[in-house]
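The following note sets out points for a colleague examining this structure.

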Amino acid sequence: MTAVALREVAPRDEERELAGELRVLEDESSLAELTDELLGKVLRPPPWMRPLLLVTFLGTLVLFAAVAYTVTTGIGVWGNNIPVAWAFGITNFVWWIGIGHAGTFISAFLLLLEQKWRTSINRFAEGMTLFALVQAALFPLLHLGRPWFFYWLAPYPSTMTVWPQFRSALTWDVFAVTTYFIVSILFWYLGLVPDLAVMRDRAPERWRRRVYAVFALGWYGSSRNWQRWRLAYGLLAGIATPLVVSVHSIVSSDFAISMLPGWHSTIFPPYFVAGAIYSGFAMVIMLMLPARRLYRLERVITGRHLDNIAKMMLVTGLMVTYSYLVELWSAWYSGDKFEMYTYLVMRPFGPYALVYWVVIACNCITPQLLWFRGVRRSPVALWFAALAIQIGMWAERFMLIVTSESHDYLPSSWGSYRPTVVDGVLLFGTISFFLFLFLSFLRFVPFIPISELKELKHDIAREREVAPAIRVEGARHG
Amino acid sequence: MKPGTDELRRAELAIALDETRDPIARRELLKLMGAALGLAGLSACTRAPAGEVVPYVVQPPEVTPGRPRFYATALALDGYATGVLVESHEGRPTKVEGNPDHPASLGAAGVYEQAAILSLYDPTRARATKRSGVVTSWEAVVRDLTRGPWTESAGRGLHVLLEPTSSPAVADLLTKIGERWPAATIHFHAPGTPVNVWEGARIAFGRPLEPRFDLTAADVVVALDSDFLASGPASLRLARQFADGRRLVSKNDPMNRLYVVEPLPTVTGATADHRLRMRARDVQAFAAALLDAVGGRDFTGPLPAPLRAAANGHARFVRAVADDLVAHAGRSLVLAGAGQPPVVHAMAHAINAVLGNTGKTAKMAPSPIVSAGDPSHDLSRLADALDRGEVDTLAIVGTNAVYTAPADRPLAIGRARQSFYLGAYEDETARACTFTMAQAHPLESWGDARAFDGTVSIIQPLIEPLFGGRTSLDLLAVLAGPAPHATSYDLVRARVRGTPGSAESAESAASPDAKAEAAWRRALMRGVTDDPPIEVADAAIAWRSIGEAVERARPAAANGDLEIVFPLDARVHDGRFTNNAWLLELPDPISKLTWTNAATIAPDTATQYGIASGDEVELRAGAHTVRAAALVVPGQADGVVGLSLGWGREGAEELARRAGTNAYALRTSSSLHAGGGLALRGTGAHHEMPITQRQRTLEGRDDEVLRHGTLAELRAHPRESAPSESAKKKKKRPLSLYDVRPHSTEHQWAMTIDLTACTGCSACVIACQAENNVPTVGRSGVLMGRAMHWLRIDSYFSGDPRSPEVFPQPMLCQHCEKAPCEYVCPVNATVHSSDGLNEMVYNRCVGTRFCSNNCPYKVRRFNWFDYHRRETATEQLVHNPDVTVRERGVMEKCTFCVQRIREDEIRSRTDKAARPPVRTACQQACPTRAIVFGDKLDASSEVARLQASDRAYAVLDELGTVPRVRYLNRVKNPNPELA
């Protein structure tokens, strides 16, 4: 079978394969079969789905209990203090926001760059983005001393005639995150519409057809539908793409505009964006690989996907490593004793040195494994590398926030931070909630974009027909 | 109606008072408030406190709602009074400040005086008269107290144990008791009684005098284990005088020099120009060596070499100090600490006499304390009497003697037929006594007391006793004469009116009664009566007696055992304040420890025993053993363990119970202040230490944070001793994105803090807490790093960790002109006022805490919980109504006492008369006047002058925050010979 397939591939793919690349789609079935297969994943949920949903739902309930406890009792149930006024809450916020980035990056950025391999995984990644954003949004709200006044951060014509303070990065944050959330949800939903229509047509029960019908917005697959849809999708991709860069840049200014040694740094925006995409891709790997295995999606999500994502992780990992080095260098070069202390003494050798070295090991050393093709194509190795990177990126935010705060200018105010049980519950609770939302997504929504995949299949088929001609032409010119 | 029913009902009502949810109880409380309002009329001071309790219908003309009134009274500690002014809002006292007319205060107030207001509203205070735990009435107590076999035998078997007192009214009553019951025995007891001072004077002068120091006339001061700047009856005055001697307005101003020799690091030691750490028992060797070196042997005869042996290692130091003293003969002073044995005091007197300081810097005068120098101050007499079964009726008045008695001489109170205890709390002594009575708080009582120099103050109540307490005068009056017993008010008033006093000539025409009345009113107004201070005694030094005492003195054993030192605690004194949350949370001036005490130990000794801070250690001295958490304290003498008194309480006090280790359990009558033969071993357990400042070194940031230098450096290079390199390099301000100039208004507020004058005594911390309704967070809160003090005293160790220099630095909101907190707040909750204040708008704050992260000084404090919600209605009474009580979730910080500034502005609109300038609470309390607040625009103001001083600098100047608080660098005046 493989041998036959090999002979049948188009020359360009053949060249790629000779260079060690794999195909983006290994499916040889018909379009109808493909639709049936992918729909089947949603319409006939696998047996493990129910217990997993239950477990993560219970985790979510624990999260809500911790949230209720925090809101009713006070932020004091966390381990935060003076000087460490931000700790787990903001670490989790930045981490989740970062994870969200890969979704938009894959669906919008790669769409504009016409990267075919995005198709199989984009909805998946978008879902992940949304659910990560839900977790992220929880923290800035919760970490307010008086969360019931959160709307004071929004510009609205209040009777107090007070506006938010536009010089504060937290105000920008509100805009950035809200925009990002709205655009992400629109983008995700718009991409879903054709597939929801398929669900509407194919769902076995009447009530499910009804529900899907509402969300399919009357899609009937006409060329006008498709033409409008393409236009809107492209436009949204155009809007979403700068957001990949802007959101985390602004989140980084929560730190960069302050005067705290370790935060006060102009490298933060690109460094944060790279880190966000880094952790986002790691999260895609962590979710995709088990789903791929359990749903038997190896033909749709191929080794090529793993390879590409791994390369993205390698690139962003190197960017993050570079940022670390630049930070160290500029701290030393500044000659500022406070900066030097934070970067060259406090972080590597201070009370949180363990966190620092975990960061270095996970974020700088682990990605070096991805130079090896074997690692890039081994799902197990890749999954563990992604896990390490995920831990490393969480630890990086923790290190960045807590080490800088705990030892700042006046030695007298130096302190330390120890998380409480509630802090831990909130972190693991959001992971539960995230997984719960994600499993619900797998359960109820076509998580592989059926229409886009069919289009891809069609494109590949056409490419096979057209490509030889191009090659011939190219040879003539050469 | 049955007799006593009424009293019982009243006692029960007092208990019900705190049942805040009960509307009836609340009404009762309002009634009491009404009574207090009635009392507010006492500024006229013509009426006795009203017997009826009714809210007023017609507002007294002198009360303007919203405008506080101030009443002069006094608070006594170990018998010595400090005059205070108490702020009262519509009859509710809220704050204690110093009385400028009182010699022991000079306008300043210490931590104990200021924290007294919190104890007043302490809901765990005793609030009932009980017999064996059952509520009874005062009348029942009176009945039983005046009955017994001793009434038949001229008082034999009646023993009265009092706190040491200087009260003339108490003295009168004691005289009367003595006349009525000649065989009755009076005892006095407090752990802080300066018995050794009296005995030292007895050796040197033949009678138990007390030295009265005048530091304004002293250029060189040597303190022998004496913490005179922070403890003792005249410490506020001495601190002021000492700071005046090193004010350094210009670089050529004279500066005094302080040498301190002590075992445990103290505030005085931290202020010293030279500090020598040595065991408490070796201080006598140092004193002997010093006496020898200044030429004392010519007077006392040869000083035995073995006595001086322990100081041999410090010959160079002794020589230098002696030379300095001799060079300043007549303008120098040697002080000995109350914990040092009498012979050290005698030698200090001898040195002063040799140098001609006696009568100049050290004047000798009789003690204001009743029966000073008398054996009645020895508690073992009572312990013996109890053991022998001689005590029939024991009345204990205001001293928790069961708790504070030496471990080897416990009081077997149960052996008395009946015992009576008048105490503020249901403490250890209350548990041992048959009858317990609630003692009225000093702010609820009539009384009088003498200052260190004998100046008499009236103690006047600010409020009716909240919990129905009685005063010691009430109880003593029962013993002094038959019913009807005089009230404490009558006793005090009669005595003052009866005093001839130094009546002014203007009044000579008036009738004697009118004159007496005028004297009484004047006394209440000024806080001091017309009684003259106690005259300085014309004491001749008894060289022979000193020589004999020195001869008899046994040199300290040179064995390698550990020494234990029991200092009075800097926060809870002898244990009487251990239920005061402000004081419990006040960081110890040196160790920054809160909510507990610890076995302090020097770094080298700790290493030797393998002990680290927080390790639990077992201390064994003789037959007595206690367990305490160890704390390594730089600057402590090697081989010494310090365990401060006053902790490990077991009474009914809620906060005090089980906090810290009870040092009294280890303290025997032979080691009241210090003792040898201590064994120490680690138990393996570990405690977390609630310390507010964990990083104690400057990490090379001296230039940015705390500039210090010596007087010689200042004079040679005025600019460089305040090494403001950054200031020199950057004459121009760094460029700023937001160029906000303060609006030109009438005032621009600013502050300077003179680090040379600051001793780190922490009076300002409590002042700020009281003025601004700053909550306490408890031990767990401190452990989590959430102490709420708006003003904290940072304290840094510099140099050799075994004997470091200590630099205290009050740190508060710097009111930066370009405040980093302001631009990061997303909701505009912290903004700048036109007169230069960085303002915090609590109502607008949502609690992002970004402002705190961006504050380089970390002076912002966050309400992690609703700290005030837990307070009972009684506790809430302490709040200053001019300052918002913050809810949870909002940030708070120093406001430069904006409520005082605004009040002054409002008053200036209606009242054009010249007023004293606005002062912040911290400035007001500061004994050394290190804190100066004022208007920067007013070129004649002290703050403007000081900010222009060569010594002024801004902390973290290079950040460009342009703080309004400037520090004057810490200048020390070391002896060049010891360089």
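1. Polar contact of Glu262(B). In this predicted model, the side chains of Glu262(B) and Thr266(B) form a polar contact at 2.7 Å. Glu262(B) belongs to strand 10 (residues 257-262) of chain B. The residue is buried, because its relative accessibility is 0% and the cut-off for burial is under 20%. Leaving aside residues up to four places away in sequence, Glu262(B) touches Asp225(B), Gly269(B), Arg275(B), Leu276(B), Arg277(B) and Met278(B).

2. The parallel sheet of chain B. Five bridges link strand 9 (residues 220-224) of chain B with strand 12 of chain B in the parallel sense, and Leu224(B) has Ala336(B) in strand 12 of chain B as its bridge partner.

3. The mixed sheet of chain B. Chain B also contains an open sheet of seven strands, with the order 5-4-16-15-14-6-7 and mixed pairing. Strand 5 (134-135) and strand 7 (185-188) of chain B stand at the edges; each has a single partner strand, so one side of each lacks a neighbour in the sheet. Strand 4 (residues 130-131) and strand 16 (residues 435-438) of chain B run antiparallel and are joined by two bridges. Within this pair, the bridge partner of Lys130(B) is Thr436(B) in strand 16 of chain B. Helix 4 (residues 138-145) of chain B packs on the sheet and touches strand 4, strand 14 (393-397), strand 15 (418-423) and strand 16 of chain B. The direction of helix 4 makes about 135° with that of strand 15 of chain B.

4. Is Arg376(A) buried or exposed? Arg376(A) counts as buried, because its relative accessibility is 10% and burial is set at under 20%. The residue is found in helix 14 (residues 373-377) of chain A. A polar atom of the Arg376(A) side chain lies 2.9 Å from the backbone oxygen of Leu370(A), and a polar atom of that side chain lies 3.2 Å from the backbone oxygen of Trp371(A). Not counting residues up to four places away in sequence, the residues touched by Arg376(A) include Leu306(A), Asp307(A), Ala310(A), Lys311(A) and Leu382(A). The C-alpha atom of Val326(A), 50 residues away along the chain, is separated from that of Arg376(A) by 28 Å.

5. Backbone geometry in loops. The peptide bond from Ile82(A) to Pro83(A) is cis, with omega near 20°. Pro83(A) has its place in the loop between helix 4 (49-73) and helix 5 (88-112) of chain A. Thr161(A), which is not a glycine, has a positive phi of about 50°. This residue is in the loop between helix 6 (119-142) and helix 7 (169-202) of chain A, and is exposed, with a relative accessible area of 66%. Leu106(B) likewise has a positive phi, near 55°, in a residue other than glycine. Leu106(B) is placed in the loop between strand 3 (92-98) and helix 3 (111-120) of chain B and is partly exposed, with a relative accessible area of 23%.

6. Confidence in chain A. Chain A averages a pLDDT of 85, and 91% of its residues score at least 70. Among the elements of chain A, helix 13 (residues 353-365) has the highest mean pLDDT (94) and helix 1 (residues 2-8) the lowest (39). The pLDDT is below 50 over residues 1-11 of chain A, a stretch with eleven contacts beyond near neighbours in sequence.

7. Chain B has a mean pLDDT of 86, and 90% of its residues reach 70 or more. Over residues 13-27 of chain B the pLDDT is below 50, with 20 contacts beyond near neighbours in sequence. Residues 500-507 of chain B likewise have a pLDDT below 50, with seven such contacts. For the complex, the predictor gives an ipTM of 0.88 and a pTM of 0.89.

Technical notes: Residues numbered from 1 in each chain as written. Chains lettered and ligands numbered in written order. Predicted model: local features only at pLDDT ≥ 70, side-chain atom pairs only at ≥ 80, totals over all residues. Heavy atoms only, no water. pLDDT = per-residue confidence, 0-100. Helix = DSSP H or I, 4+ residues; strand = E, 2+ residues; numbered from the N terminus. Contact = heavy atoms within 4.5 Å. Buried < 20%, exposed > 50% of the residue type's maximum accessible area, 1.4 Å probe, protein only. Polar contact = N/O pair within 3.5 Å; in protein donor to acceptor, adjacent residues only side chain to side chain. Pairing = 2+ DSSP bridges. Axes fitted to C-alpha atoms, helices over the stretch in contact; angles between N-to-C directions.
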